[in-house]
Amino acid sequence: MILQKGRPENTSGREEKEIKVYDLLDTLGIEYYRVDHAPAMSIEDCVEIDKTLGAIMCKNLFLCNRNRSSFYLLMMSGEKMLVTRELSDKLGSSRLHFGKAEDMERLLDLVPGSVSVTGLMNDKDNKVRLLIDSTLLDADFIGIHPSVNTSSLRISIKDLTEKIIPALGHEPWILEI
């Protein structure tokens with residue numbers, strides 16, 4: 001794996017949703033570094049990616065309530081374990097569980113393994129509530145996928161909170177997980 005600054009020089013063979021992420025970051029004037037890799041389907045797959053990026057890879061979970069009327073994208077440290085009952089209580093929601101792949105694709109244009117805050121650019125109706133574990137905000141940099149799980153990006157927390165999230169139009173709910 002090689003750390004590279006910015007978007008790939010050659011974008012042939014890359015998915016349109018990945019290119020949309022680079023376009024967004026470039027439009028916002030955000031400096032980012034990228035590493036391309038084999039598909040990373042779990043946080044365990046991201047250990048070497050973290051080292052190359054020099055950032056903590058963010059665990060992103062797509063969640064919903066029991067009747068699939070409320071959806072959430074949770075960003076948290078990969079080191080933490082989620083207790084859905086506790087999060088359900090904090091949100092005042094019926095028991096949370098992992099959202100279905102078809103809801104993820106319909107709302108965020110993402111597939112399992114590629115969940116990322118960048119998918120919120122596709123949620124124009126704000127159907128998905130953004131939740132951020134407060135400990136992530138203590139880091140200087142985090143790693144996220146650019147809407148695909150074959151690349152990872154290092155971005156600053158400051159750019160995430162001050163530029164990216166406001167541009168996505170989703171007010172985050174900061175929680176302690």
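These are my notebook entries on a predicted model, taken one region at a time.

**Entry 1: helix H1**

I began with helix H1, which covers residues 16-27. At 1.5 Å a residue, its twelve residues should span 16 Å, and I find the end C-alpha atoms 16 Å apart, so the two agree.

Next I looked up which residues of H1 are buried. They are Lys17, Glu18, Ile19, Val21, Tyr22, Leu24 and Leu25. I was pleased to see the spacing, because an α-helix has 3.6 residues a turn, so residues three or four places apart point the same way.

What do the buried residues of H1 pack against? I found strand S2 (33-36), strand S8 (151-156) and helix H5 (157-168). Just after H1, I also noted that Gly29 takes a positive phi of about 70 degrees.

**Entry 2: aromatic pairs**

How many aromatic pairs does the model hold? The count comes to two.

The rings of Tyr22 and Tyr32 have their centres 6.0 Å apart and their planes at 5 degrees; planes under 30 degrees apart count as stacked, so this pair is stacked. Tyr22 sits in helix H1 and Tyr32 in the loop between H1 and S2, so the pair ties together parts that are ten residues apart in sequence. I checked burial for both partners: Tyr22 has a relative accessible area of 0% and is buried, and Tyr32, at 2%, counts as buried too.

The other pair is Phe62 with Phe71. Their ring centres lie 5.8 Å apart with planes at 10 degrees, so I noted this pair as stacked. Phe62 and Phe71 are both buried.

Arg154 lies over the face of Phe141, at 5.0 Å from the ring centre.

**Entry 3: Arg34**

Arg34 belongs to strand S2. Is Arg34 buried or exposed? Its relative accessible area is 2%, and under 20% means buried, so Arg34 is buried.

I then asked what its side chain reaches. A polar atom of the Arg34 side chain lies 2.6 Å from the backbone oxygen of Gly6. The side chain also reaches the backbone oxygen of Arg7, at 3.5 Å.

Leaving out residues up to four places away in sequence, I listed what Arg34 touches: Ile2, Leu3, Gln4, Gly6, Arg7, Pro8, Arg14, Tyr22, Ser151, Ser152 and Leu153.

**Entry 4: the nonpolar cores**

The largest nonpolar core has 34 residues, and the members touching the most others are Met75, Val117, Ile142 and Leu160. I looked up where its residues come from: H1, strand S3 (56-64), strand S4 (71-77), helix H4 (101-108), strand S6 (128-133), strand S7 (141-144), S8 and H5 each supply at least two.

Not counting residues up to four places away in sequence, its contacts include Val117, Ile142 and Leu160, along with Cys58, Leu130, Leu131, Ile132 and Leu136. Lys59, Asn60 and Asp133 are also among the residues that Met75 touches.

A second, separate core has ten residues, including Leu63, Leu74, Met76 and Leu175.

Leu108 is in helix H4 and is buried, with a relative accessible area of 0%. Setting aside neighbours within four places in sequence, I found Leu108 in contact with Phe62, Leu73, Asp103, Gly119, Leu120, Asn122, Asp123 and Val128. I also took a C-alpha distance: Leu108 and Lys124, 16 residues apart in sequence, are 9.3 Å apart in space.

Ser156 is part of strand S8. Its relative accessible area is 14%, so I count Ser156 as buried. Beyond its neighbours within four places in sequence, Ser156 is in contact with Asp140 and Phe141.

**Entry 5: Lys90**

My last stop was Lys90, in helix H3 (residues 84-91). Lys90 is partly exposed, with a relative accessible area of 42%.

Which residues does Lys90 touch, not counting those up to four places away in sequence? I found Trp173, Glu176 and Ile177.

How values were computed. Residues numbered from 1 in each chain as written. Predicted model: local features only at pLDDT ≥ 70, side-chain atom pairs only at ≥ 80, totals over all residues. Heavy atoms only, no water. Helix = DSSP H or I, 4+ residues; strand = E, 2+ residues; numbered from the N terminus. Expected span 1.5 Å × (residues − 1). Buried < 20%, exposed > 50% of the residue type's maximum accessible area, 1.4 Å probe, protein only. Contact = heavy atoms within 4.5 Å. Core = buried A, V, L, I, M, F, W, Y, C linked by side-chain atoms within 4.5 Å. Phe/Tyr/Trp six-rings, centres within 6.5 Å; stacked < 30°, edge-to-face > 60°. Lys NZ or Arg CZ within 6 Å of the ring centre and 35° of its normal. Polar contact = N/O pair within 3.5 Å; in protein donor to acceptor, adjacent residues only side chain to side chain.
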